[in-house]
Amino acid sequence: MPLDPRNYRLDLGRVLSTDVPLGPLAGIPLSCFTASSRNGKLHGKKTCGSLRSSRTVEAVTVKLGEAAERLCGTCFWPMPFGDPLVTFTNAVRDVLGVTSYTGPDPSPDVDFDPSKEADAAAVLAQGDYPRGDEHDEAESDRYARARFIRERHHGHWRHLHDSMLESNSAVAAHPWLATWAKPTLDALAAVIESERHAFAALLRPDALLDSAAITRLEPPHDLASKEGFTGLGDQAAPVLRRAWDDWAADTARSWLALEDDRSSASLVLHGAFGQRRKGRDEAYAALDELVASWCAQARSVVDMHKAAPRRLLAVSVPPTTFDSYLGRSRDPLSQWEAGVLAMYQVATNWPDGTVALLVPQLIAERLISDTDIAMPVTALDTREAGFPIDRLLVQLGPAASW
Ligand SMILES: [Zn+2]
């Protein structure tokens, strides 16, 4: 066959073992070459190395269902892109690929010693960075290692989500694969759940609550009269407003404790002073006080909502996307959203990619009202529906129908 860029080289023999149900594709004709038309191996290329010693090679057309157990394991069959068989084998490949995550050994990405995991949890419960002014290198390394462990668990957990969502949509497009794929996808769901626990153990629920309150705060309006910023001259009010905007945007999207998340406000001040030194130290000290007052306001909002009952929500888990401009994958979930998803999950319905969360009122209101939230959200009411959560999630179906 002449080279054609539209052709896909399909490694049928590697993907289609005889236990893969072929459904309606079992009847489609497959062009092959064989040295023995009755029961010899079937090849995609006449030039296959294992046919070299054969005296006669003939072209045959065999139904896929009958060919499956005779396919050469090293041959490629030329197929047009978009051929149903190409789509189908890619679906099978997605499910088979899952088994690399469900084996007995943990992924090398998150294969941490249990004592290191426990230390990371103990460290991050205090904050993301050592407290105090004394620089202690060993302590700094300990915090850096803890943050690294959390980053790895977060990344791996989201990667597993991608694998689950991809496999689910592959199976949904080829529903006769569902029974064959179920044990593999059930095993993946178990791995995702254990990875979620490992990640959630490295998060602070109080920090997630504080961040939820940020979007409730009114922007400060009396910035021109703040003391300590004379070094900025008449630029004090606009600079401080920018400091607020950046601080509020970053802390609202972060899983860090508010005390660990001051850098965006400091950066604005840093940029405004440039090389100038006059009044700078005084301004930094005043900014510390100002940010502390914003943190206190957020915490008073949290306190106001403390007694409110938790709420049950369904959210749709979004996959990561590939950013071709940056050349790497991009997660639409902010740290805060990922943290909330991991911390408050109470049930899952993976075939639809939906998860039930039982969240504090303040977090529920933010998830429902914040237009920047990347997860479609809907409120659940088990009393009104009369179903347990799991069934309610299934009834709800995929997010597109909400
Ligand atoms: Zn071959």
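## The sheet

Four strands, in the order S8-S9-S5-S10, make up an open sheet, and their pairing is antiparallel. Two of them sit at the edges: strand S8 (345-349) and strand S10 (377-379). Each edge strand pairs on one side only. On average, neighbouring strands of this sheet are turned by 25° against each other, direction ignored. The model described here is predicted.

Strands of a sheet pair through backbone hydrogen bonds, and the pairing can be parallel or antiparallel.

## Strands S5 and S10

Look next at one pair of strands. Strand S5 (residues 311-316) and S10 run antiparallel, and 3 bridges join them. Which residue in S10 is the bridge partner of Ala314? The partner is Thr378.

## A helix on the sheet

Helix H12 (residues 361-369) packs on the sheet. The helix touches S5, strand S9 (354-359) and S10. The direction of H12 makes about 35° with that of S5.

## The whole protein

The secondary structure comes to 14 helices and 10 strands. Along the principal axes, the C-alpha atoms fill a box of roughly 95 × 60 × 40 Å.

## Burial and contacts

Of the 402 residues in the protein, 33% are buried. Take contacts between residues at least 6 apart in sequence: 77% of them join residues at least 24 apart.

Conventions: Residues are numbered from 1 along each chain as its sequence is written. This is a predicted model: local features need pLDDT of at least 70, side-chain atom pairs count only at pLDDT 80 or more; totals for chains, interfaces and linings use all residues. Two strands pair if DSSP finds at least two bridges between them. Helices (H or I, at least four residues) and strands (E, at least two) are DSSP runs, numbered from the N terminus. Axes are lines fitted to C-alpha atoms, for helices over the stretch in contact, and angles run from 0 to 180 degrees between N-to-C directions. Two residues are in contact if their C-beta atoms, placed from the backbone, lie within 7 Å. A residue is buried if 20 or more other C-beta atoms lie within 10 Å of its own, exposed if 12 or fewer, and partly exposed in between; C-beta atoms are placed from the backbone.
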